[in-house]
Amino acid sequence: MKISLLDQTQLLEGISAEEGFAQSVELAKYVDKLGYHRYWLSEHHSTDALAGASPEILASHLLAKTDNIKVGTGGVMLPHYSSYKVAENFKVMGALAPGRVDIGVGRAPGGHHLSSIALQGERARNVDIFPEQIDQLLEYLQDRLPDTHPLRGLETTPVIEKKPDLWILGTSNSSALLAAEKGLPYAFAQFINYQPGGMEQALKLYVDNFKPSKYLDKPQVLVTMKTIVADTDEEAEKIAESALRFNYYLHRGRLTRLVDPERALSHVINPSEKREIETVKETYIIGSKETVAQKIKELTNKFSIDELMAITPIYDFEKRKRSFKLLKEAVRE
């Protein structure tokens with residue numbers, strides 16, 4: 001199974017955005033050497049907790065800093081933008097790093113409703129046009145529109161030999177069916193939708209309804225999960241508390257920076273809140289290399305997954321790097 005990484009450019013308490021991006025650069029170079037398959041960046045707006053307001057720019061920078069790993073977005077929130085301009089951006093990246101560029105696109109707002117208004121202005125769009133935008137993007141990724149197109153004669157430049165790969169991102173049955181209908185690869189964000197049965201149903205719908213296309217001849221499934229690996233189960237459980245705190249406040253409508261695990265959950269004393277934390281923890285992959293290897297084996301035995309993409313919110317940067325090293329070893333085993 002391929003192993004990849006999703007970077008939300010999540011900021012730590014007390015550091016600047018500049019320092020956060022510097023960590024992303026260092027991490028991308030590190031996992032590239034480890035042999036990771038992809039490095040994706042997420043899109044978020046109007047929050048001081050997540051710095052990735054423009055994943056395309058960061059992706060372009062990381063392509064210049066790495067040698068082999070595929071780099072892309074997880075994702076571009078397409079309803080905010082012109083499909084034509086998105087195609088141009090990624091074709092430029094494709095020219096700079098041939099064969100190494102992914103476009104993951106989603107329909108979620110990626111932030112506060114005010115950021116959607118600011119991004120879209122008077123041309124506010126209904127997310128129901130997302131399927132049509134996918135068709136537009138696929139057309140614009142080609143070098144010239146068909147003669148039957150309303151904008152026939154429009155060129156999409158630069159002309160490149162290897163087009164970026166387009167992925168549908170999602171957390172629901174509707175996104176799974178859309179990816180299947182279009183014959184495109186599907187990335188399921190389990191770290192967002194970890195409701196019992198949610199992933200199983202979506203992946204089954206995708207595989208069962210997949211229609212081969214000129215882009216893909218058989219289903220291709222990537223699943224993104226919060227994954228935290230350490231030298232022992234006990235250490236992994238402890239350093240996961242920073243991420244669990246993030247989930248705790250996210251459920252209450254707040255996005256927060258990562259804090260030191262030593263005090264991350266010190267405020268959680270109510271029994272019902274403790275049960276909430278334990279329930280969320282069950283949706284993570286947490287443990288030593290041996291424990292995680294077993295959990296991944298169980299996961300792949302149950303689901304048709306081609307690739308695991310880890311999102312690893314660890315406060316200590318060196319422990320975060322260590323987690324990715326151990327995860328790579330766990331998958332090899």
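These legends describe close-up views of a predicted model. Residues are numbered from 1 along each chain as its sequence is written, and side-chain values use heavy atoms, with hydrogens and water left out. Local features need pLDDT of at least 70, side-chain atom pairs count only at pLDDT 80 or more, and totals for chains, interfaces and linings use all residues.

**View 1. The largest nonpolar core has 66 residues.** Such a core is a set of buried Ala, Val, Leu, Ile, Met, Phe, Trp, Tyr and Cys residues joined through side-chain atoms within 4.5 Å. Buried means under 20% relative accessible area, exposed over 50%, partly exposed in between (1.4 Å probe, protein chains only). Tyr39, Val105, Ile134, Tyr186, Leu203 and Tyr206 have the most contacts inside this core. Helix α5 (residues 130-141) gives the most to it, with 6 residues. Helices (H or I, at least four residues) and strands (E, at least two) are DSSP runs, numbered from the N terminus. Apart from this core lies another, of 19 residues, including Tyr194 and Ile239.

**View 2. Two peptide bonds are cis.** One runs from glycine 74 to glycine 75, with omega near 10°. Glycine 75 sits in strand β3 (residues 70-77). Another joins threonine 157 to proline 158, with omega near 0°. Proline 158 is in the loop between α5 and β5 (165-170).

**View 3. Threonine 9 has a positive phi of about 45°.** Most residues other than glycine have a negative phi. Threonine 9 lies in the loop between β1 (2-7) and α1 (17-34). Threonine 9 is buried, with a relative accessible area of 5%.

**View 4. Serine 46 has a positive phi, near 60°.** Its loop lies between β2 (38-41) and α2 (55-65). Serine 46 is exposed, with a relative accessible area of 61%.
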